[in-house]
Amino acid sequence: MAKEFRAPGKDVIQKIWQEFGLNEQRVKESVEALKNWLAMEPHLPEESGSLHDARLERWLIRCKNSMERTKQSIDFYYTLKSLSPDMMCNWNPRSKWYQDAVEIFCFFPMPELTPEGDRVIIFKYLTKDATKFVPDNLTKVCLMTSEVRMCEEYCSSDIFIFDMQNYTLGHASKVTFTSVKKGEVCVMKAFNTRLKAFHIINAPSYAEVLIGLLKAVLSSKLTSRIYVHGKDLTNFTKQVPQMCLPDDLGGTGGSLQENWNLWLKKLDSYHDWFLQHDNFKSDESKRQGGDFNSGDLFGFEGSFRKLNVD
């Protein structure tokens with residue numbers, strides 16, 4: 001039976017603190033320093049409350065206790081909400097786009113951490129019918145999941161598992177360089193996602209097109225962490241603990257659908273917070289030191305409005 005996703009215990013938190021040279025006092029001091037920095041940046045919004053503090057703490061962890069990297073990631077996050085509200089806002093779990101999306105794919109964290117403290121993330125198309133598939137909506141659900149994890153999560157890094165069992169040429173025809181690049185920027189830079197491994201399983205022959213797009217937008221360091229498996233999952237199951245896999249993939253963590261249903265309830269519980277958070281974004285007219293350098297964000301000069309190379 002699947003378990004609900006819960007915040008980790010103190011033992012896990014302390015283990016991860018130790019990994020990055022932190023303790024309770026240093027975490028509190030760092031969070032206060034980040035809040036003071038935010039207050040001095042006129043283009044960034046003012047937030048408060050326990051969830052805000054929790055998110056700052058998780059940002060610090062994801063940036064390996066580097067204040068400079070944490071500040072950069074936070075700035076990217078709020079800036080993206082201004083530059084690309086179509087991707088970073090309207091995360092309403094009761095809207096039609098969302099309801100349509102979560103019927104055709106799932107994207108969720110498994111509740112158990114690996115012994116090394118890593119989180120396993122499962123992604124799978126739930127149907128071979130690609131009629132309603134919209135790549136940007138997939139990215140938005142991924143981002144909503146990242147947002148919730150920023151409020152509750154503690155882990156060392158992520159292990160992504162993409163089950164391509166139901167991936168068809170219909171899905172492939174809708175995935176472009178633009179959609180993949182948008183997703184990479186939002187997921188990797190706004191949330192400073194730390195990717196330990198990316199396992200692609202049940203990959204058909206035409207998966208090479210998508211894998212090629214992934215390798216085109218990811219750094220060489222990250223592309224070296226992509227592992228492609230066909231129908232034979234022997235090697236794959238040796239690399240990921242059974243307790244961190246759904247029953248459908250040879251694990252003991254409950255069925256995929258049970259886990260997805262529980263995660264949908266979690267996302268829905270953040271409904272009001274998601275809507276309120278639409279208002280927190282950068283005001284680029286108040287940015288000090290000139291305009292935002294989009295090249296820093298995209299890896300080259302450009303913006304979401306100009307990014308149209310398929």
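These legends walk through a few close-up views of the structure above.

This is a predicted model, where local features need pLDDT of at least 70, side-chain atom pairs count only at pLDDT 80 or more, and totals for chains, interfaces and linings use all residues. Residues are numbered from 1 along each chain as its sequence is written, and side-chain values use heavy atoms, with hydrogens and water left out.

**View 1. Strand S4 and its two partners.** Strand S4 covers residues 195-201, and six of its seven residues are buried (buried means under 20% relative accessible area, exposed over 50%, partly exposed in between, with a 1.4 Å probe and protein chains only). Strands here are DSSP runs of E with at least two residues, helices are runs of H or I with at least four, and both are numbered from the N terminus. Strands pair if DSSP finds at least two bridges between them. S3 (residues 158-163) runs parallel to S4, joined by six bridges, and Asp163 stands opposite Ile201 in S4. S5 (residues 226-228) also pairs with S4 in the parallel sense, over three bridges; look for His199 opposite Tyr227.

**View 2. Cysteines without a partner.** There are zero disulfides in the structure, a disulfide being a pair of cysteine sulfur atoms within 2.5 Å. For Cys63, the closest cysteine sulfur is in Cys155, 13 Å away, so that's too far for a bond. Cys106 has its closest cysteine sulfur in Cys142, at 10 Å, again too far for a bond. Cys63 is buried at 0% relative accessible area, and Cys106 is also buried at 0%.

View 3. The whole structure has 21 aromatic pairs (Phe, Tyr and six-membered Trp rings with centres within 6.5 Å; planes under 30 degrees apart are stacked, over 60 edge-to-face, the rest tilted). Trp59 and Tyr77 pair edge-to-face, 5.1 Å centre to centre with 75 degrees between the planes. Trp59 sits in helix H3 (residues 50-62) and Tyr77 in helix H4 (residues 67-83), so this pair ties together parts 18 residues apart in sequence. Both Trp59 and Tyr77 are buried. Phe107 and Phe123 make a tilted pair, at 6.4 Å and 55 degrees. Those two belong to a ring-pair cluster that also includes Phe105, Tyr125 and Phe133.

**View 4. Lysines over tryptophans.** A charge sits over a ring if NZ of Lys or CZ of Arg is within 6 Å of the ring centre and within 35 degrees of the ring normal. Lys81 has its charged end over the ring of Trp91, 5.2 Å from the centre. Lys140 does likewise over Trp97, at 4.0 Å.
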